[in-house]
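Q: Could you walk me through this model before I set anything up with it? I would like to start with the overall picture and then go into the packing.

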Amino acid sequence: MNDLIKKKIIAINLISFFFIWLLIFLAGADKPPPIGFLWLVGLLIALDIVLFFYLKSFLPRLKLRKKGIFFIHMVYFFVGGIVLSLVTILLKPSYLDVGLLNISFWTISIVCVSMINGICCYLFNLILLRLFEQQ
């Protein structure tokens, strides 16, 4: 894979991921967003950094259509969802007071969103690879 194409695809991913999730978070936030909203922006930046390093190794494997790439990709997003939910719980220890059922619901919700995000990421990158291959 051409390095320039890889850099373009990664840039498109990072910019679209950041702004789409920023718009989703803004849609659910108070108007104007409270100062605590900056934590979500920080989270998006951190996730963008992780996505950057992930895409550097994922895109060449996707281009080669390595066997089991979708399954491995989804495992990464599954584990990422679990880690993200646990980090958010540990950063706010008062969450532990809500009970195991609520913590489980929180974790399952974050993992489901992460898995949907993984499917979208996979399809989005397949489309981008095909578009750049045609050029």
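Q: Okay, what kind of model is it, and how many helices and strands does the chain have?
A: It is a predicted model, and the protein chain has four helices and zero strands, so that the order of elements from the N terminus on reads α-α-α-α.

Q: What does the C-alpha trace span along its principal axes?
A: The C-alpha trace of the protein chain spans about 55 × 35 × 20 Å along those axes, and of the 135 residues in the chain, 30% count as buried.

Q: And what share of the contacts joins residues at least 24 apart?
A: If you take the contacts between residues at least 6 apart in sequence, 72% of them join residues at least 24 apart.

Q: On to packing: at what angle do α2 and α3 pack?
A: Helix α2, residues 37-63, and helix α3, residues 69-91, pack at about 165 degrees, and their axes are 12 Å apart. That angle makes α2 roughly antiparallel to α3, since angles over 145 degrees count as such, and the crossing of the two helices is right-handed.

Q: Which residues meet there?
A: From α2 the contact takes in L43, L47, Y54, F58, R61 and L62, while α3 contributes I69, I72, H73, Y76, F77 and L84. Sorted by type, the residues of this contact divide into 10 nonpolar, one polar and one charged.

Q: I see some rings in that list. How many aromatic pairs does the structure hold?
A: The structure holds eight aromatic pairs. One of them is F52 with F53, where the ring centres are 5.1 Å apart and the planes stand at 75 degrees, so this pair is edge-to-face.

Q: What about F58, what does its pair with Y122 look like?
A: The pair of F58 and Y122 is tilted, with 6.2 Å from centre to centre and 55 degrees between the planes. Because F58 lies in helix α2 and Y122 in helix α4, residues 100-134, the pair ties together parts that are 64 residues apart in sequence.

Q: And their accessibility, buried or exposed?
A: F58 is buried, with a relative accessible area of 0%, and Y122 also counts as buried, at 12% relative accessibility.

Q: Which residues do ring pairs link into a cluster?
A: The cluster linked by ring pairs consists of Y54, F58, F70, Y76, F77 and Y122. Among them, Y54, F58, Y76 and F77 also take part in the contact of α2 with α3.

Q: Switching topic, where does T107 lie, and what does T107 touch?
A: T107 lies in helix α4 and counts as buried at 16% relative accessibility. Leaving aside residues up to four places away in sequence, T107 touches S85 and I89.

Q: Last one, L4: which helix is L4 in, and is L4 buried or exposed?
A: L4 lies in helix α1, residues 3-28, and L4 counts as exposed because its relative accessibility is 53%. As for distance, the C-alpha atoms of L4 and G42 are separated by 28 Å, the two residues being 38 residues apart along the chain.

Terms used:
Residues are numbered from 1 along each chain as its sequence is written. This is a predicted model: local features need pLDDT of at least 70, side-chain atom pairs count only at pLDDT 80 or more; totals for chains, interfaces and linings use all residues. Side-chain values use heavy atoms; hydrogens and water are left out. Axes are lines fitted to C-alpha atoms, for helices over the stretch in contact, and angles run from 0 to 180 degrees between N-to-C directions. Angles under 35 degrees count as roughly parallel, over 145 as roughly antiparallel, 65 to 115 as roughly perpendicular and the rest as oblique. A crossing is left-handed if the near helix is turned anticlockwise from the far one by less than a right angle, and right-handed if clockwise. Contact means heavy atoms within 4.5 Å. Ala, Val, Leu, Ile, Met, Phe, Trp, Tyr, Cys and Pro count as nonpolar, Asp, Glu, Lys and Arg as charged, and the others, Gly among them, as polar. Rings of Phe, Tyr and Trp (its six-membered ring) pair if their centres lie within 6.5 Å; planes under 30 degrees apart count as stacked, over 60 as edge-to-face and the rest as tilted. Buried means under 20% relative accessible area, exposed over 50%, partly exposed in between (1.4 Å probe, protein chains only).
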